[in-house]
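This report goes through one protein model by topic. The sequence and structure come first, and the notes follow.

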Amino acid sequence: MNFELAHTPVEYIKGVGPKRGELLRKELNIHTLNDLLHHFPFRYVDRTTFHTISQIKSTEIDIQIVGKFKSIQETKTKSGRRILTGVFYDDTGNVEVTWFQGLKLLKDFIKLDTPYILFGKPNYFNGTYSFIHPELEERPGVGQQMTSKLQPVYSTTEKLTSVGLNSKGISKIIQNALELIKGKWQEVLPFDFIEKHQLISREDAFFYIHFPQSEEQLQKARQRLKFEELFFIQISVVWQKMLVSQNNKGFIFKEIHNHLRTFYHQKLPYKLTNAQIRVLREIRADVTSGKQMNRLLQGDVGSGKTLVALQAMLMAVDAGFQACMMAPTEILAQQHYQTIGEMLYGLPVTVKLLTGSTKTAERREIHRMLSDGSLHILIGTHALIEDTVAFKNLGLAVIDEQHRFGVEQRGKLWKKNTNPPHILVMTATPIPRTLAMTLYGDLEVSVIDELPPGRKPVATYHVTEAHRLRLFGFMKSEIAKGRQVYVVYPLIEESEKLDLLALEQGIESLQRAFPLPDYQFSVVHGRMSPEEKAHEMERFVKGISNIMVATTVIEVGVNVPNATVMVIENAERFGLSQLHQLRGRVGRGAEKSYCILVTGNKLSSDAKVRIDTMCRTNDGFEIAEIDLQLRGPGDIMGTRQSGLVNMKIANLATDQLLVQVTRDAALALYKDDPKLTKPEHRPTLLYYQHLYASSASYAKIS
Ligand code: ADP
Ligand code: MG
């Protein structure tokens with residue numbers, strides 16, 4: 001589009017003016033002509049199909065009938081109101097038609113025995129159908145074009161309706177806007193892309209999306225506009241990524257691999273899975289490339305990400321650098337410290353733990369060892385990114401459970417060195433690939449898509465309160481075999497008091513059913529101090545307690561292979577990915593494991609889908625896809641900041657193929673013309689700058 005015209009304030013469009021313009025701004029955030037043209041219809045009324053009067057069968061949908069008026073007359077209702085009634089007929093029957101408003105215009109318009117198209121929703125009363133306030137159009141003669149067949153329906157507001165901008169009114173001013181720029185459109189996509197992807201022109205697309213003459217035109221318009229929307233998002237993502245990788249030279253980890261080799265041959269407790277090997281190869285390629293690594297490692301719960309992280313850290317240490325690993329909770333940091341410490345036992349690699357509860361003396365020691373380089377690996381919580389923590393030469397930073405951290409925290413780790421360290425972020429909340437590509441577009445993505453051998457899927461069952469006794473019996477039989485059990489309660493901030501009450505009551509009834517001294521409990525919830533939590537956790541890890549009752553604080557990371565039962569109370573209140581995370585706490589050992597979802601009797605339809613999905617599959621990626629469909633991308637971590645929720649027509653959940661296609665297209669464009677300096681790409685550049693004018697960081701091409 002001609003960009004100056006695109007910026008035309010909406011009030012200058014014919015039919016708008018200052019008053020309506022003001023309201024359009026306030027109510028629908030429509031400021032310019034461009035905004036108005038992006039106010040797409042949310043549905044269309046089918047004007048391609050005709051009914052006969054005898055075919056009227058329901059009052060559900062708007063239908064249209066070709067017929068003539070037998071009679072038309074103005075009368076008064078009992079309350080004295082003037083109305084217009086007529087009898088409309090075709091070859092198959094008659095219907096009564098009534099209007100309350102606009103009588104004068106209608107009386108002049110309607111002629112007896114002249115064909116009209118009547119359009120509206122039928123009413124049903126006393127066994128007969130009738131129409132109240134239908135639309136009426138003169139039937140076009142043969143060869144004459146009918147006005148739009150699929151009528152657009154626009155969202156609007158009460159205030160806008162009161163100034164005449166109901167759906168029809170909006171349609172009218174959009175028509176005027178389209179008139180205004182008719183013939184002055186400028187293409188914004190490179191022509192070879194348009195050809196290659198068989199897209200229609202921009203002008204046609206905007207015309208057809210608002211006034212489609214057929215389903216086919218509408219589809220083409222949608223395709224083109226979705227492509228455009230996603231393409232420009234991908235341009236920003238791809239360019240951002242290139243900017244990052246160009247500006248940041250990465251440390252080169254020379255492939256000495258002393259410790260790594262020793263670890264591999266002497267310490268590795270099992271064979272790596274093929275997926276782990278592949279990901280390690282990808283990481284090695286990154287850290288020897290001379291560019292800074294920014295890699296997202298996705299792997300389902302229990303897929304063995306920690307081991308990959310450890311080996312990556314050894315690569316750093318072997319090359320003479322330090323490495324750190326940040327976890328979102330104290331429990332998890334502690335656990336990493338323990339497992340990694342055990343695995344490295346006997347190797348000359350120093351490892352320390354730094355959390356909020358690290359004592360001052362130990363803290364001082366850590367600071368000293370960090371700055372003189374005698375500390376190789378530091379594991380910890382947010383405490384790692386405090387300003388006082390300074391490394392001698394940090395070469396690699398690993399972030400576990402990335403979705404628990406904000407983008408700023410990742411940024412802080414970067415700054416721990418003048419030259420940013422290599423970054424490996426890990427997440428067990430699988431994000432569908434296309435979304436990951438867009439959200440974390442500046443990251444390379446690795447996937448561990450394979451679980452260690454011998455893992456059996458966790459058998460998942462849905463029960464209600466009625467099965468409580470059987471459930472307790474089952475827990476007892478597992479405990480009798482020497483296994484351990486988790487019982488998890490929701491704790492949501494908004495209803496914290498009620499939730500704590502439920503937790504207390506739950507603990508009470510459990511303690512009645514599982515009496516001391518035969519059964520031992522650990523209790524962990526967010527209100528406890530880190531020391532208390534650690535103590536309770538430890539009792540469970542060591543197998544002293546049989547039952548761990550917890551709120552969702554145990555959601556991430558905890559690894560107790562002997563635990564075989566995960567009971568989730570009020571499971572309907574958890575999101576899908578949370579349920580999947582929780583389930584991932586069991587099934588980590590060789591024994592068969594179970595996940596029991598306890599819910600009330602009545603479930604919302606979404607809750608039902610979540611529970612059914614959990615019972616049906618253990619596949620984290622499939623679950624992530626369904627989660628995305630249920631919640632939309634807006635609720636997925638990170639989307640809000642990214643602005644992706646403001647998408648007008650494309651949908652990251654349903655248009656995944658197109659995300660991939662536009663991603664490839666943006667990459668191809670980058671390869672061909674990284675600064676968009678070729679004359680044929682000028683309109684693309686201009687439009688890009690126009691789109692991202694307000695967010696400076698993304699507009700940085702050139
Ligand atoms: P996550 O990816 O969820 O962080 P972990 O790294 O905690 O998973 O690993 C889960 C469990 O699987 C751990 O007990 C770990 O020792 C074990 N594990 C990791 N890799 C393998 C492997 N290749 N073969 C067998 N067990 C493995
Ligand atoms: Mg983990």
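## Cysteines

No disulfide (a pair of cysteine sulfur atoms within 2.5 Å) turns up in a search of the whole structure. A disulfide is a covalent bond between the sulfur atoms of two cysteines. Cys615 is not part of one, and the nearest cysteine sulfur, that of Cys595, is 8.0 Å away. Cys615 is partly exposed, with a relative accessible area of 32%, whereas Cys324 is buried at 0% relative accessibility. Buried stands for under 20% relative accessible area, exposed for over 50%, and partly exposed for what lies in between, using a 1.4 Å probe and protein chains only.

## Basis of the model

This is a predicted model, in which local features need pLDDT of at least 70 and side-chain atom pairs count only at pLDDT 80 or more, while totals for chains, interfaces and linings use all residues. Residues are numbered from 1 along each chain as its sequence is written, chains are lettered from A and ligands numbered from 1 in the order in which they are written, and side-chain values use heavy atoms, with hydrogens and water left out.

## Overall architecture

The chain has 702 residues, of which 52% count as buried. Its secondary structure comprises 25 helices and 22 strands; these are DSSP runs numbered from the N terminus, helices being H or I of at least four residues and strands E of at least two. Along the principal axes, the C-alpha atoms fill a box of roughly 100 × 70 × 40 Å.

Contact means heavy atoms within 4.5 Å. Among contacts between residues at least 6 apart in sequence, 74% join residues at least 24 apart.

## Nonpolar cores

A nonpolar core is a set of buried Ala, Val, Leu, Ile, Met, Phe, Trp, Tyr and Cys residues joined through side-chain atoms within 4.5 Å. The largest one has 59 residues, and those with the most contacts inside it are Leu189, Phe231, Phe232, Ile235, Cys324 and Leu378. Helix α9 (residues 215-247) gives the most to this core, with 10 residues. Apart from this core lies another, of 43 residues, including Ile283, Val308, Ala309 and Leu396.

Once neighbours within four places in sequence are set aside, Phe232 is in contact with Val188, Leu189, Thr684, Tyr687, Tyr688, Leu691 and Tyr692.

Glu330 is in helix α13 (residues 330-343). Glu330 is buried yet has no salt bridge, and Lys533, the nearest side chain of opposite charge, is 7.1 Å away. A salt bridge here is a side-chain nitrogen of Lys or Arg within 4 Å of a carboxyl oxygen of Asp or Glu; for charge, Lys and Arg count as positive and Asp and Glu as negative, with His and the chain ends not counted. Not counting residues up to four places away in sequence, Glu330 touches Thr355, Gly356, Ser357, Thr381 and Pro530.

Helix α19 (residues 530-541) has 12 residues and reaches 16 Å from its first C-alpha to its last, close to the 16 Å expected at 1.5 Å a residue. That expected span is 1.5 Å times one less than the number of residues. Lys533 is among the buried residues of α19, together with Ala534, Glu536, Met537, Arg539 and Phe540. The buried residues of α19 pack against α13, β18 (484-488), β19 (521-524), β20 (547-550) and β21 (563-568). Just after α19, Gly543 takes a positive phi of about 85°.

Ile53, in the loop between β1 (43-46) and β2 (63-76), counts as buried at 8% relative accessibility. Its C-alpha is separated by 6.8 Å from that of Asn94, 41 residues apart along the chain. Beyond its neighbours within four places, Ile53 is in contact with residues including Ile65, Phe88, Tyr89 and Asn94.

Pro432 is found in the loop between β15 (422-427) and α16 (433-439) and is buried, at 2% relative accessibility. The C-alpha atoms of Pro432 and Leu628 are 196 residues apart along the chain and separated by 8.1 Å. With neighbours within four places left aside, Pro432 contacts Ala624, Glu625, Leu628 and Gln656. Gln656 is one of the buried residues of α24, a helix of 17 residues (656-672) that reaches 24 Å.

## Backbone details

The peptide bond from Leu516 to Pro517 is cis, with omega near -5°; Pro517 is in the loop between α18 (496-513) and β19. Asn29 has a positive phi, near 60°, and lies in the loop between α2 (17-28) and α3 (33-37). Asn29 is exposed, with a relative accessible area of 55%. Phi of Asp113 is also positive, near 55°, and Asp113 lies in the loop between α4 (103-109) and β5 (116-120).
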